[in-house]
Amino acid sequence: MEKDEAIKELQKESLQGLSDKDLLFLIESYVTKRNDYKNIASLINGDEDVIAKMIDSDRVFNKVMSCTERILAISPYFLFSLLLRRAFKEKRNDTKFIEKTLDALNNTKPVIPWNKNRLLGLLEDTQVSNYIANMLAQFIESSKLFSMSDDEKRSHQYIVDMITDSLHSDNIEKFYIYCHIGNYTLFLTGMIPEYIKYRYEHKRRPVDKQYYVGFGKTYYGLASEHTNARKNRLTGTLSQLSEGFEAVSQVLSFMNKEYLCTAKTGLA
């Protein structure tokens, strides 16, 4: 994969450009009293506001959650977009989550203290949820979780090795590695925190969850300040992920436990 293409993968898909398969599934799930689905698809294709309203509806969400076999008919990006948007919405209305998360965010003594309005702004940021949906869609392939390129020899499971790579990389690749470290740490802390805990408690790995949180915040921050962040219109998104890392990680954890557990969706 070329370096520029690797960067584009970070925001490859969007609701505005849903595949025909995903769009048809969305319409069939949302519009129950008509059958001219292809005509409707031609009318709403590319209309992000209309598509967002449909994907956020209880009707579509319930259809996905109750119809396991049909999940296989939609793309990972579509599935993660729907579930992430729902999770962010749930947490916006969770008073205990807001209070607890504000304490965690302000415990790191940020330059600008967090308050409720700022946190709600993060939880309402659709560019953030879209970025994460793209990241999760990539990381369901384990090879992409540990590799920063198509070169298998550069597959890393340790952050220090990724950092070492960044020290010997050109400007474009450095930006991608910064993003990858942020994505990697967010995935571990949000989707599989049990893995971190197990290695810390039973494998005597001297790194706990806060170790990954610290690196995630730092490298998303470095990525947000990079010239390629401006070039790819990612400055704001990466900055939000850096400063609000703990909040986003908790939303991912909630999404994983509530929507992706085997008992509810049949997905492992």
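This is a predicted model: local features need pLDDT of at least 70, side-chain atom pairs count only at pLDDT 80 or more; totals for chains, interfaces and linings use all residues.

Residues are numbered from 1 along each chain as its sequence is written, and side-chain values use heavy atoms, with hydrogens and water left out.

**Exercise 1.** Describe how helix α12 packs with helix α15.

*Step 1.* Find the two elements: α12 covers residues 159-167 and α15 covers residues 209-224. Helices here are DSSP runs (H or I, at least four residues), numbered from the N terminus.

*Step 2.* Take the geometry. The helices pack at an angle of about 20°, and their axes are 12 Å apart. That makes α12 roughly parallel to α15 (angles under 35 degrees count as roughly parallel). Axes are lines fitted to C-alpha atoms over the stretch in contact, and angles run from 0 to 180 degrees between N-to-C directions.

*Step 3.* List the residues that meet. Ile-159, Val-160 and Ile-163 of α12 meet Tyr-211, Tyr-212, Phe-215 and Tyr-219 of α15 (contact means heavy atoms within 4.5 Å). By class, this contact has 7 nonpolar, no polar and no charged residues (Ala, Val, Leu, Ile, Met, Phe, Trp, Tyr, Cys and Pro count as nonpolar, Asp, Glu, Lys and Arg as charged, and the others, Gly among them, as polar).

**Exercise 2.** Is Ser-81 buried or exposed, and what is Ser-81 in contact with beyond its neighbours within four places in sequence?

*Step 1.* Locate Ser-81 in helix α7, residues 76-92.

*Step 2.* Its relative accessible area is 4%, so Ser-81 is buried (buried means under 20% relative accessible area, exposed over 50%, partly exposed in between, with a 1.4 Å probe and protein chains only).

*Step 3.* Leaving those neighbours aside, Ser-81 touches Leu-15, Ile-55 and Ala-133.

**Exercise 3.** Work out what kind of aromatic pair Phe-25 and Phe-78 form.

*Step 1.* A search of the whole structure finds 9 aromatic pairs (rings of Phe, Tyr and Trp, its six-membered ring, pair if their centres lie within 6.5 Å; planes under 30 degrees apart count as stacked, over 60 as edge-to-face and the rest as tilted).

*Step 2.* Phe-25 and Phe-78 are 5.8 Å centre to centre with 85° between the planes, an edge-to-face pair.

*Step 3.* Phe-25 lies in helix α2 and Phe-78 in helix α7, so the pair ties together parts that are 53 residues apart in sequence. Both Phe-25 and Phe-78 are buried.

How values were computed: Angles under 35 degrees count as roughly parallel, over 145 as roughly antiparallel, 65 to 115 as roughly perpendicular and the rest as oblique.
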